[in-house]
Amino acid sequence: MNYELPTNPPDYRNDTVLPLHPEVKANAWAVDAACSGNPGPMEYQCIDLATGAQVFHYGPLHGTNNIGEFLAIVHALALLEQRGLKDKTIYSDSYNAILWVKKKKCKTTLPVNPKTEKLHDIIRRAEQWLRTHAVNTPVEKWETAKWGEIPADFGRKK
């Protein structure tokens with residue numbers, strides 16, 4: 001089974017500015033997730049660092065922030081492959097999600113129930129996609145302490 005990309009149309013942002021740090025690659029996508037409660041309504045998105053454009057947005061659906069971070073990375077990897085883009089970097093501020101992608105396994109403890117069934121199906125497809133595709137795109141940790149909030153941040157922190 002292929003990992004099917006969500007088809008939400010992208011919106012465009014003008015408030016994203018590439019941080020003025022020489023170590024941040026401009027030819028990159030930044031991903032992030034947001035969750036109201038844990039678990040709760042979860043969504044994720046990807047922003048092109050060169051343009052500030054929203055590449056994709058998915059959700060909300062019932063889940064956790066870590067799951068959203070994981071799925072955002074896999075979604076970005078699959079979309080890059082689908083578009084034949086080989087020279088991008090993906091940034092995520094989630095160490096756990098990056099590790100889960102490397103291990104090709106979403107290590108969530110979220111129970112399967114009617115509220116989470118759809119999300120668990122998406123997780124299974126994402127894991128299957130990772131097992132059946134060579135990932136050559138660099139997935140790097142966004143250094144929030146040095147660079148500020150990741151440009152894909154939803155801006156809801158209190």
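# A tour of the predicted model

Select helix 1 and helix 2 to begin: these two helices are oblique to each other. The model in the viewer is a predicted one.

**Stop 1: helix 1 against helix 2**

Helix 2 covers residues 95-103, and its axis comes within 8 Å of the axis of helix 1, with a crossing of roughly 55°. The crossing in which helix 1 passes helix 2 is right-handed. To display the contact, select Asn66, Ile67, Glu69, Phe70, Ile73, Val74 and Leu77 on helix 1, together with Asn96, Ala97, Ile98, Trp100 and Val101 on helix 2. Colouring this contact by residue class gives 9 nonpolar, 2 polar and 1 charged.

**Stop 2: helix 1 against helix 3**

On the helix 1 side, the contact is made by Ile67, Phe70, Leu71, Val74, Leu77, Ala78 and Glu81. Helix 3 contributes Leu119, Ile122, Ile123, Ala126, Glu127, Trp129 and Leu130. The contact of helix 1 with helix 3 divides into 12 nonpolar and 2 charged residues, with no polar residue.

Which residues of helix 1 should be kept selected for both contacts? Ile67, Phe70, Val74 and Leu77 are among those that meet helix 2, and Ile67, Phe70, Val74 and Leu77 are also among those that meet helix 3.

**Stop 3: the whole chain**

Now show the entire protein chain as a cartoon. It has 4 helices and 5 strands. Followed along the sequence, these elements come in the order β-β-β-α-β-α-α-β-α. Of the 158 residues in the chain, 50% are buried. When contacts between residues at least 6 apart in sequence are considered, 70% of them join residues at least 24 apart.

**Stop 4: Ala34 in strand 1**

Select Ala34, which is placed in strand 1 (residues 28-35). Is this residue buried or exposed? Ala34 counts as buried, because its relative accessibility is 10% and the limit for buried is under 20%. Leaving aside residues up to four places away in sequence, Ala34 touches Pro41, Met42, Glu43, Asn65, Phe154 and Arg156. A distance label drawn from the C-alpha of Ala34 to the C-alpha of Ala152 reads 10.0 Å, although the two residues are 118 residues apart in sequence.

**Stop 5: two cis peptide bonds**

The peptide bond leading from Asn38 to Pro39 is cis, with an omega near 10°. Then select Pro60, which lies within strand 3 (residues 54-63). The bond from Gly59 to Pro60 is likewise cis, and its omega is also near 10°.

**Stop 6: the loop between helix 2 and helix 3**

Lys104 is placed in the loop between helix 2 and helix 3. Its phi is positive, at about 60°, although Lys104 is not a glycine. With a relative accessible area of 30%, Lys104 is partly exposed.

Pro111 is found in the loop between helix 2 and helix 3 as well. Pro111 counts as partly exposed, at 48% relative accessibility. Residues up to four places away in sequence set aside, Pro111 touches Thr116 and His120. Gly63 is 48 residues from Pro111 in sequence, and their C-alpha atoms are 9.8 Å apart in space.

**Stop 7: the cysteines**

A disulfide is a covalent bond between the sulfur atoms of two cysteines. How many disulfides does the structure hold? It holds 0; no pair of cysteine sulfur atoms therefore lies within 2.5 Å. Cys46 is buried, its relative accessible area being 0%. Cys106 also counts as buried, with a relative accessibility of 5%.

Conventions:
Residues numbered from 1 in each chain as written. Predicted model: local features only at pLDDT ≥ 70, side-chain atom pairs only at ≥ 80, totals over all residues. Heavy atoms only, no water. Buried < 20%, exposed > 50% of the residue type's maximum accessible area, 1.4 Å probe, protein only. Contact = heavy atoms within 4.5 Å. Nonpolar A, V, L, I, M, F, W, Y, C, P; charged D, E, K, R; others polar. Axes fitted to C-alpha atoms, helices over the stretch in contact; angles between N-to-C directions. Parallel < 35°, antiparallel > 145°, perpendicular 65-115°, else oblique. Left-handed = near helix turned anticlockwise from the far one by under 90°.
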